[in-house]
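Subject: Structure for you to look at

Hi,

Here is the structure I promised to pass on.

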Amino acid sequence: QLRTLKARNVIVMKNAIVSREAGFTLVELMMVIFVVGIMAGLVVMTVGGNTSRELKKDATRMQQLLVMAQDEAEFSGQEIGFFIDEQQKAYGFLYFDEKTLAWQALEKDTFNQRKLPEGIQVNLDVDGAPIDLKKIYKDALGKSEPLENWLTTGDKKSAKRSKNTPSLIFFSDGHYTPFRLQVGNKLLKDTVFSIEGDGFSGVRISNAETGRKKTSKKKSDAK
């Protein structure tokens, strides 16, 4: 009987140990699931934060370039246009060549054509009808046929005519086409930056979430 009792006690103790081990394993499993959930949430927040910062950086760069284009038009005495290609994968700046009466690539490092970052979405709205500078020049000279005078006697081969036509133009007198350019990211549904100008004053940028606006200084560094 004593042996039987001891055997029963051993069995009971083993069962208790097994039960405790099973219980601890379940708790540990729940803790692991909890920790993984927290880590996943942190990863999502980090990715979203990085995307938001990159969007702000890209939108601010575009605004600075537009401010610099306004300055360049005044200083150089040339009309400068801003375009976004039809595929909305790139944007850039052009100048209007008075000799060829055509938009040419603005070959300066700051204004070289740039690719839009992956996921960036843009929408450009301008006030009024598109301005046809070629027609304006011809009408001013009273010509309906292609101009063959001092305006077109330059070296046509040296100029790179652009297939893009700008809808936003910065004029040499300091004015420009009133516009609104919205910059967003397909991963951020609630965040859109709005770059806009009234045609006279500085080009502004605002966050659609806060509505805060700022006017960029004339001297800005755009990389």
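Gln88 is partly exposed, because its relative accessible area is 38% (buried means under 20%, exposed over 50%, and partly exposed in between, with a 1.4 Å probe and protein chains only). You'll find Gln88 in the loop between strand 1 and strand 2; strands are DSSP runs of E with at least two residues, helices are runs of H or I with at least four, and both are numbered from the N terminus. The phi of Gln88 is near 55°, a positive value in a residue other than glycine.

Before you go further, keep in mind that this is a predicted model: local features need pLDDT of at least 70, side-chain atom pairs count only at pLDDT 80 or more, and totals for chains, interfaces and linings use all residues. Residues are numbered from 1 along each chain as its sequence is written, and side-chain values use heavy atoms, with hydrogens and water left out.

Now the whole chain. Its secondary structure comes to 2 helices and 10 strands, and along the sequence they read α-β-β-β-β-β-α-β-β-β-β-β. Of its 223 residues, 37% count as buried. Take the contacts (heavy atoms within 4.5 Å) with a separation of 6 or more: 63% of them are between residues 24 or more positions apart.

Leu101 also has a positive phi, about 50°, although it is not a glycine. This residue sits in the loop between strand 2 and strand 3 (102–105). Is Leu101 buried or exposed? Leu101 counts as buried, because its relative accessibility is 5%.

Strand 2 (residues 90–97) is where Phe93 lies. Phe93 counts as buried because its relative accessibility is 4%. Leaving aside neighbours within four places in sequence, its contacts include Leu65, Leu66, Phe82, Phe83 and Phe111.

Next stop, Thr177, in the loop between strand 6 (168–170) and strand 7 (179–185). With a relative accessible area of 7%, Thr177 is buried. Not counting residues up to four places away in sequence, Thr177 touches Val126, Asp127, Ser167, Leu168, Ile169 and Phe171.

Then there's a hairpin, formed by strand 8 and strand 9 with 6 residues between them. Gly199, in the turn, has a positive phi of about 95°. Strand 8 (residues 188–197) and strand 9 run antiparallel and are joined by 4 bridges; two strands pair if DSSP finds at least two bridges between them. Glu196 stands opposite Arg204 in strand 9. In strand 9 (residues 204–207), Arg204 and Ser206 point one way and Ile205 and Asn207 the other way, and all are buried.

Last, how big is the largest pocket? The volume is about 220 Å³. Of the 13 residues that line this pocket, the closest to its centre are Ile84, Asp85, Glu86, Asn164 and Thr165. A pocket here is an open set of points on a 1 Å grid over the protein atoms alone, where a 1.4 Å probe fits, with protein on both sides within 12 Å along at least five of seven lines; lining residues have an atom within 4 Å of a point. The volume is the space filled by probe spheres set on the points, which are joined across faces, edges and corners. Strand 1 (residues 80–84) gives the largest share of the lining, 3 residues.

Happy looking!
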